[in-house]
Amino acid sequence: MVSFHHQNHSFGFSREEIEKAVKNNKLLSIEIEFSLRCNFHCPYCYVPQDSSFENELSKEEIQNVILQAKKMGAKKIIILGGEPMLYPHILKIIEFMKKQDLAIEMFTNGSLITADLAKQLFTHKVNIVLKMNTFNEKIQDMLAGKKGAFKMIQEAFTNLKEAGYPSEESFLAVSTIICRQNIDELPNMWLWFRERDIIPYFEMITPQGNAKQNEWLTIDPKKACALFKEIANIDRKKYGQVWDPQPPLVGDKCMRHQFSCLVTSQGYVMPCVGVTIEVGNIRERKLSDIINDSEVFRDLKNFHRTIKGPCRTCEKSDDCYGCRGAAYQLTGDYLASDPLCWKNADRQKEITYLPFTVEEIIPQKSPMKIIDSLVSVAEGKADVSLTLDENTPFIGEDGIIDEAMYLEMMAQAIAAQNGFKQIDLSESAPEGFLLGAKKLEILGEARVGDTLKVSVHKYAQYGGFAIVKGTVLRGTTVLAQGEIKVWHN
């Protein structure tokens, strides 16, 4: 679920605006979840069914983060959910945003948009993105997870039209997911919307949340390619709109990580709804500090140098990096190539996936290599796994490892995170040194046969030098924890 944007622009912003925002560490837009509460149960929704509604942002906290975003340059606020119209203060916050001279877009299932509410939204110049996946009543109810959803959406559509949508000042768009159940009718839907000045917003499903449990929705990437090309042909011949087909959006591109972010209903800041890496919380730090200090955001803004695999060498790599959400959800690596892009269909072996064996990404070699696999990466964090065997160095006759090995495990874990990021970026071998340690606590013993997890968090960095907190666990039992100082190339 993302904001609509004008043809051949990313989210309505020009390439020049985006480049300037990147250069100056500014935002152009921001997506905010007011609440995750929803009266539909869409089988493709990015919000898992077991999501918590506890500890959601107050009205004052939402207003505060909007002001912070505006101070960072944001011109547009995109309201997500859940269903925004279930949020009790929705109109008050819309009025607040209009007073701040901010453009507003709202994604809604339409179920609560009465004739009166449609008029109020039109008066406040709220751009509406109505979720509608098909003209087939039975299929629509199924894709909404609610009986009667089709009629609710049609009623909302009528109310919005009668209120004045679409107009030059307030657009009406329709958000449609591409799935096995509706793919054959999408070209005709596109035409129907175009003829009525309604913006068709068709997107591929990101494999996360409910969608991971409902693979019956999935389409083959090559079928998606055929659909994109068919609609591109329609737009070129009938409307003079010329664009190159590329996932995940029909008729446009998603480069949102250059200039936008998501603030969740509990205040966590993420790159987008698909890259579900929490880089901070607005209840603890300012939005500008969170974004500007984030390694993940820096990597995504610097995508020309950081993306790995086929997407890195693709002819479209100047202004496309596939769907970062699909890449992260399927590979565990937010910098991996998009496995769902049809251009990568025959190049899956060139895409990095976690867990990843560490032989080629850490400087330590046998017999000093202790860790086995890099399991996960996040904001300055990494988890690795290892199994101790009789060949592990510094094991006593009783089978118990020397305490100094815990420090080496932490050093190798952060080396694995660093080396993993350098894949495809450098021809030189990874190098690194453990420079010191402090506050090491030994809380248990590890012995031959144990499988351990090492979690590291790089909380300070100065050039190639970093200070890292590390924890070694066997199951849920903490065996050791402490801090190390390291250098990497």
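Author: Two strands are paired where DSSP finds at least two bridges between them, and helices (H or I, at least four residues) and strands (E, at least two) are DSSP runs numbered from the N terminus. The model is predicted, so local features need pLDDT of at least 70 and side-chain atom pairs count only at pLDDT 80 or more, whereas totals for chains, interfaces and linings use all residues. Residues are numbered from 1 along each chain as its sequence is written, and side-chain values use heavy atoms, with hydrogens and water left out.

Reader: With that in hand, how many bridges join β1 to strand β2, and in which sense do they run?

Author: Strands of a sheet pair through backbone hydrogen bonds, either parallel or antiparallel. Here β1 and β2 (residues 76–80) run parallel and are joined by 5 bridges, with Glu-31 standing opposite Ile-78 of β2.

Reader: How many residues of strand β1 are buried?

Author: Buried means under 20% relative accessible area, exposed means over 50%, and partly exposed lies in between (1.4 Å probe, protein chains only). In strand β1 (residues 29–33), 5 of the 5 residues are buried, so the strand is largely enclosed by the rest of the structure. Ser-29, Glu-31 and Glu-33 point one way from β1, while Ile-30 and Ile-32 point the other way, and all are buried.

Reader: What is the order of the open sheet of 9 strands, and which are its edge strands?

Author: The order is β6-β5-β4-β3-β2-β1-β7-β8-β9, and the pairing is mixed. At the edges are β6 (199–204) and β9 (280–281), each of which pairs on one side only. Strand β5 (residues 172–178) pairs with β6 in the parallel sense over 6 bridges, and Thr-176 has Phe-202 in β6 as its bridge partner. Helix α6 (residues 149–163) packs on this sheet, where it touches β4 (127–131) and β5 (contact means heavy atoms within 4.5 Å). The direction of α6 makes about 160° with that of β4, the axes being lines fitted to C-alpha atoms, for helices over the stretch in contact, and the angles running from 0 to 180 degrees between N-to-C directions.

Reader: What is the pairing in the open sheet of 7 strands?

Author: The pairing is antiparallel, and the order is β10-β11-β12-β14-β15-β16-β13. β10 (356–357) and β13 (432–442) stand at the edges with a single partner strand each, so one side of each has no neighbour in the sheet. Helix α14 (residues 404–421) packs on the sheet and touches β10, β11, β12 (381–387), β13, β14, β15 and β16, its direction making about 55° with that of β16. Between β15 and strand β16 (residues 477–488), which run antiparallel, there are 10 bridges, and Val-468 stands opposite Ile-484 in β16.

Reader: Is Leu-452 buried or exposed?

Author: Leu-452, found in strand β14 (residues 451–462), is buried, because its relative accessible area is 2%. Leaving aside neighbours within four places in sequence, the residues in contact with Leu-452 include Val-384, Ser-385, Met-409, Val-472 and Leu-479. Leu-452 and Ser-385 are 67 residues apart in sequence, yet their C-alpha atoms are 5.7 Å apart in space.

Reader: How many residues of helix α13 are buried, and what covers them?

Author: Helix α13 (residues 324–331) is mostly covered, with 7 of its 8 residues buried, among them Arg-324, Tyr-328 and Gln-329. The cover includes α10 (295–301), α12 (310–313) and β11 (373–377). Just after α13, Gly-332 takes a positive phi of about 80°.

Reader: Where do Lys-75 and Glu-17 lie, and how far apart are their closest N and O atoms?

Author: Side chains of opposite charge can pair when their charged atoms come close. Lys-75 and Glu-17 form a salt bridge, with their closest N and O atoms 2.9 Å apart (the criterion is a side-chain nitrogen of Lys or Arg within 4 Å of a carboxyl oxygen of Asp or Glu). Lys-75 lies in the loop between α2 (59–71) and β2 and Glu-17 in helix α1 (residues 15–23), so the pair ties together parts that are 58 residues apart in sequence. Lys-75 counts as partly exposed at 42% relative accessibility, as does Glu-17 at 27%. The side chains of Lys-253 and Asp-319 also meet in a salt bridge (3.0 Å, N to O). Glu-295, Asp-299, Lys-421 and Lys-458 are linked in a network of salt bridges, and a search of the whole structure finds 22 salt bridges.
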